[in-house]
Amino acid sequence: MKDRLLPYWLLIPAFMIVLATTIYPLAYSFITSFRAWDLTKSRRPEGFVGIDNYIYATGESQFLNSLWVTFIFVITSVILTVILAMALALLLRRKGPMHTFTRIILILPFAMSPALIGVSYRFMFNPEFGVIANGLGAVFPALQGVPWLADPQLAMGILVLTDVWHWTPYMTFMCLGGLASIPRETEEAARIDGASNLRIIFGIILPQMRGVILVMAVLKTIFALKMFDQVVTLTGGGPGTSTETLAYFIFNVGFRWFDMGYASALAWILTAIMMFISIWYVRMLLSERKMATA
Amino acid sequence: MAEVRLVDIEKKYGAFLAVPQQSLTIHDGEFLVLLGPSGCGKTTTMRMIAGLEDITSGDIMIKGERVNDKPPKDRDIAMVFQNYGLYPHMTVRQNIEYPLKLRGVDKATRKARVQETAAKVELDALLDRRPSELSGGQRQRVALARAIVRTPSIFLMDEPLSNLDAKLRVTMRAELKHLHHELGVTTVYVTHDQMEAMTLANRVAVMREGRIVQLDTPKKIYAEPADLFVAGFIGSPSMNLIDGVVKGGVFRADGVEIPVPLGDRDGVVLGIRPEEIDITQDAGAPISGKLYALELTGESTLVTLRNGPSSVCARGHADFEAEIDSPCYLAPKDEARIHLFDRASGERLG
Ligand SMILES: Nc1ncnc2c1ncn2[C@@H]1O[C@H](COP(=O)(O)OP(=O)(O)OP(=O)(O)O)[C@@H](O)[C@H]1O
Ligand SMILES: [Mg+2]
């Protein structure tokens, strides 16, 4: 009897740590999201306000703006990253002479910290002394003196660019793993049956990569939803609020304006979006399993 | 319809020589079987013909044209892969239909062809399933159907029946034989089932370690194996191979004394098939020993006799009965059906 319970006893410390470090803050912020709490006035949460914080959010233009910015950012960066990674993987899957070298080069952008990426891109796109800004200006005179990060659309474009640049290598490796697990014979059979290269990619390889692509898209979506560092170091949400993502807006609400109740509510909205996507993904994956496991 | 010629082809994987330099001509409309033990290079040879594997040196000619640099789809072949190579995201119907679709066959014809082909391989009931929902044998039949749905110039089949049960295998064998008769398409067929080789082939190429050791009609290969390896590989139960010496025109081993047309020499192997041996009561018979085992196979009984290191198996009447360990006598039916080989080189003697 004692022996059977022992494993559970041994698990208690780990369980306590998890409880204290994740469950407790989560629960605390959830409760806070139903309270008023102005950090400049009180060090403790004030009274309960029901779902007022959530209702306020639905009408606040800055929140709605951040939602829209996040949406644009997520969609473009996810689609670009997945397509680019897939294309790169298809090019790299054959073992060529530069095989190892290209792979080492590839992993470098992913090894860089996102905050650092933001800073370095900010310098590179500086209209006066930025390497990229000057280079582009030299090659295309029309682009001389373009105030890259001062233009709302361009700033968003560069933000997406840094994120795609950061994530594509990792996603390429995921694709390479997926490609390696496709039986070689399916492609060969199609080749003999008379399929062109494009047809093999779109008709034979990509359908078998569905599961991998789904995992990639969801992972990337969740990371893009949480993206924060680059906004801080690259654009600071600007110009104006044109690159103010939800994560960055939550940070502002909580730690610039010290409205903790509202910030908690916003954080939970973000969490809900991510949970929704995860659940949808698990369901897709389950139906995928049922469909194609040869 | 096409003639396939392999001219001095060689295949190396890095430093490993999978198929050493050799030539082989597959005649127009011929059914050629590549037969050999696992790892002897059958699949490799086939993949080279298909264009899936680069050849290290030599030429491949199809219809008299050098195709070394032609992609697989321009060689007008259909292939059954050893591990099927089915498209997992397509139904059985779509799998079978795919080659037709790629070659621009119209929809109505496609439908009819798929139905017809599926019936041939007894898959009609499974057309809407996906490969993952099929058994190994069923998958294999889909692979076969996908190859025969079209009429190419060459069929390449890599062990297309290996996963079927005995009964279905016989049915499919007959189906393939009929198909070949009907279409007359040049076929290269890989198997390590010699029964399949015997029944299907116009000619059999027996391979060993990448090399074709004998290329001949099934009859000839059975009756006149070129060396010890072929002798031991072809036939079931396999040929009796008895080690002994020849002295004074007689082959001698423990309990064996058979006159042979050969000068005196050591290290001789005498080969004789079980069905070429009679069981007698004659104590002076050329082969004598003690009865070691009796195995009823249904249509006959396999009688195994032992004497010292020699062990000889004979195919007797199904009604044959005797006590184990009782004395037993065997006699070759026909001296002409006795094969002699050199032990050291494996080569055929005389
Ligand atoms: N891609 C490869 N790289 C290195 N060696 C290989 C490769 N493919 C095959 N070989 C080797 O080449 C030899 C012949 O292989 P092959 O697949 O042609 O054999 P097989 O006769 O078809 O055997 P089986 O009856 O088991 O299918 C084997 O020794 C195998 O290990
Ligand atoms: Mg093989």
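Before the strands, one term: two strands count as paired if DSSP finds at least two bridges between them. Also keep in mind that this is a predicted model.

With that, take strand 1 of chain B, residues 4-13, and strand 4 of chain B, residues 57-62. These two pair in the antiparallel sense, over five bridges. To find the pairing on your screen, look for B:Glu10, which stands opposite B:Ser57 in strand 4 of chain B.

Strand 1 of chain B also runs antiparallel to strand 2 of chain B, and seven bridges join them.

Next, strand 5 of chain B, residues 65-66. Strand 5 pairs with strand 4 of chain B, antiparallel again, over two bridges. Strands 4 and 5 of chain B make a hairpin with two residues between them. In that turn, B:Lys63 has a positive phi of about 50 degrees.

Putting the strands together, in what order do the four strands of the chain B sheet come? The order is 2-1-4-5, in an open sheet with antiparallel pairing. Strand 2 and strand 5 of chain B are at the edges with a single partner strand each, so one side of each has no neighbour in the sheet. As a general point, side chains in a regular strand alternate between the two faces of the sheet.

Helix 1 of chain B lies across strands 1, 2 and 4 of chain B, and runs at about 120 degrees to strand 1.

Now the ligand. Which residues come nearest to ligand 1? Of the 13 residues around it, they are B:Tyr13, B:Ser38, B:Lys42, B:Thr43 and B:Thr44. Strand 2 (16-26) and helix 1 (42-50) of chain B each give at least two residues to this shell. Helix 1 of chain B has the largest share, three residues. By class, the shell around ligand 1 holds eight polar, four nonpolar and one charged residues.

Last, the contact between the chains. Chain B puts in 22 residues and chain A 17 residues. On the chain B side, strand 6 (77-80) and helix 2 (92-102) each supply at least two residues. That side of chain B, where it touches chain A, has 15 nonpolar, four polar and three charged residues.

That is what I have.

Technical notes. Residues are numbered from 1 along each chain as its sequence is written. Chains are lettered from A and ligands numbered from 1 in the order in which they are written. This is a predicted model: local features need pLDDT of at least 70, side-chain atom pairs count only at pLDDT 80 or more; totals for chains, interfaces and linings use all residues. A residue is near a molecule or strand if its C-beta atom, placed from the backbone, lies within 6 Å of it. Ala, Val, Leu, Ile, Met, Phe, Trp, Tyr, Cys and Pro count as nonpolar, Asp, Glu, Lys and Arg as charged, and the others, Gly among them, as polar. Two residues are in contact if their C-beta atoms, placed from the backbone, lie within 7 Å. Axes are lines fitted to C-alpha atoms, for helices over the stretch in contact, and angles run from 0 to 180 degrees between N-to-C directions.
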